[in-house]
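Me: I have a structure open and would like to go through it piece by piece. Could you help me read it?

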Amino acid sequence: GNLTVPATTPAGDYFLCARADDNAAVPEQDENNNTRCTTATIKVAPADLIMTAVSGPAGGMTGAKINVSDTVRNQGQGSIAASFRVGYYLSPDAAITTADTRVGTRSVTGLAANASKSGTVNVTVPSTLAPGTYYIGAIADYTNVRLELDENNNSLAGNTINVTPGADLVISAVSAPAGGARGSTVVLNNTTANQGAGNAASFTIGLYLSTDPAITTADRRVGTRTVSALAGGATNAAATTVTIPGTLAVGTYYVGAIADYNNTRVESSETNNALAGNTMTVQ
């Protein structure tokens, strides 16, 4: 009859053996002569996954989506019945490994011997990725769940992609009451916008009092608020309660805000993050 080699069988040379009364159900005069094996071995060669193609666009932005296409092939003599995943990566060099930045995956349900499967996946360039030039790469069975003849030939580098900043954070509105007393609290209404096409990771807004309408980090910071993330084209508004410093000199001040005041996020423009609002008389 036909025999099926288990999918978990390691690659190697094996004898094919048969054993009579394998479950020892029949009493015999000699229980030690029931097995016979072939004189020659058979070679077990399982599947062998490789990437034969991977590609993407020549340019992209942090926090934005790109399409990545790939082809995975099983060049082994054995088939893979169960599913496995292809991982997509951005790497600073052509050696694609799981230590690189994984940006997406796709599932392959199975792959017969000498068969290939292609796919295209829409992935997101991380908003925290440093702008620069990267190789687009892929790794077949990147989680290493399927047994293969060769576990060291699963990765492939494709074309390079120039990643530019996708976010552009601005303050679109800031306001406060017309007056306040030193040592008291006031509410500063502030709205930030991401006018870029890519998503922005979390950042912090600095709230200031300034003697002139040019708001900078050299002015008196009276508070902050954190925005967890902001999609491209989105806005985020809040009313933030701050305390007017008791040591602040009496006078008239502009209220202002700076998006990402501590400069933790790379943006397409780093010179448009500040905005001055109304003036407030401090007594």
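This is a predicted model: local features need pLDDT of at least 70, side-chain atom pairs count only at pLDDT 80 or more; totals for chains, interfaces and linings use all residues.

Me: OK, and in which sense do β9 and β10 pair?

Reply: The two strands, β9 and β10, run antiparallel to each other, and their pairing extends over 7 bridges.

Me: In what order do the strands of that open sheet come?

Reply: The open sheet is formed by 5 strands in the order β4-β10-β9-β6-β7, with mixed pairing. At its edges stand β4 (59-61) and β7, each of which has a single partner strand, so one side of each is left without a neighbour in the sheet. From one strand to the next, the twist averages 35°.

Me: What about β6, how many of its residues are buried?

Reply: Of the 8 residues of β6, 7 are buried, so this strand is largely enclosed by the rest of the structure.

Me: And which residues are the bridge partners of Val-86 and Tyr-89?

Reply: For Val-86 the bridge partner is Arg-106 in β7, and β6 and β7 pair in the antiparallel sense over 7 bridges. For Tyr-89 the bridge partner is Gly-137 in β9, and β6 pairs with β9 in the antiparallel sense too, over 6 bridges.

Me: Switching topic: which residues have the most contacts inside the largest nonpolar core?

Reply: Those are Val-72, Phe-84, Val-86, Tyr-88 and Leu-90, in a core that has 25 residues. Several strands each supply at least two residues of this core, including β5 (65-74), β6 (84-91) and β10 (155-164). Apart from this core lies another one of 24 residues, among them Ala-200, Val-242, Val-255 and Ala-259.

Me: What does Phe-84 touch, leaving out residues up to four places away in sequence?

Reply: With those left out, the residues that Phe-84 touches include Leu-49, Val-72, Val-108 and Leu-111, and also Arg-106, Asp-141 and Arg-146.

Me: Last topic, disulfides. How many does a search of the whole structure find?

Reply: The search finds 1 disulfide, which joins Cys-17 to Cys-37 with an S to S distance of 1.8 Å. Cys-17 lies in strand β1 (residues 12-19) and Cys-37 in strand β2 (residues 35-44), so the pair ties together parts that are 20 residues apart in sequence.

Me: Why is that disulfide called right-handed?

Reply: The torsion about the S-S bond of Cys-17 and Cys-37 is about 105°, and therefore the disulfide is right-handed.

Terms used:
Residues are numbered from 1 along each chain as its sequence is written. Side-chain values use heavy atoms; hydrogens and water are left out. A nonpolar core is a set of buried Ala, Val, Leu, Ile, Met, Phe, Trp, Tyr and Cys residues joined through side-chain atoms within 4.5 Å. Buried means under 20% relative accessible area, exposed over 50%, partly exposed in between (1.4 Å probe, protein chains only). Helices (H or I, at least four residues) and strands (E, at least two) are DSSP runs, numbered from the N terminus. Contact means heavy atoms within 4.5 Å. A disulfide is a pair of cysteine sulfur atoms within 2.5 Å. Two strands pair if DSSP finds at least two bridges between them. Axes are lines fitted to C-alpha atoms, for helices over the stretch in contact, and angles run from 0 to 180 degrees between N-to-C directions.
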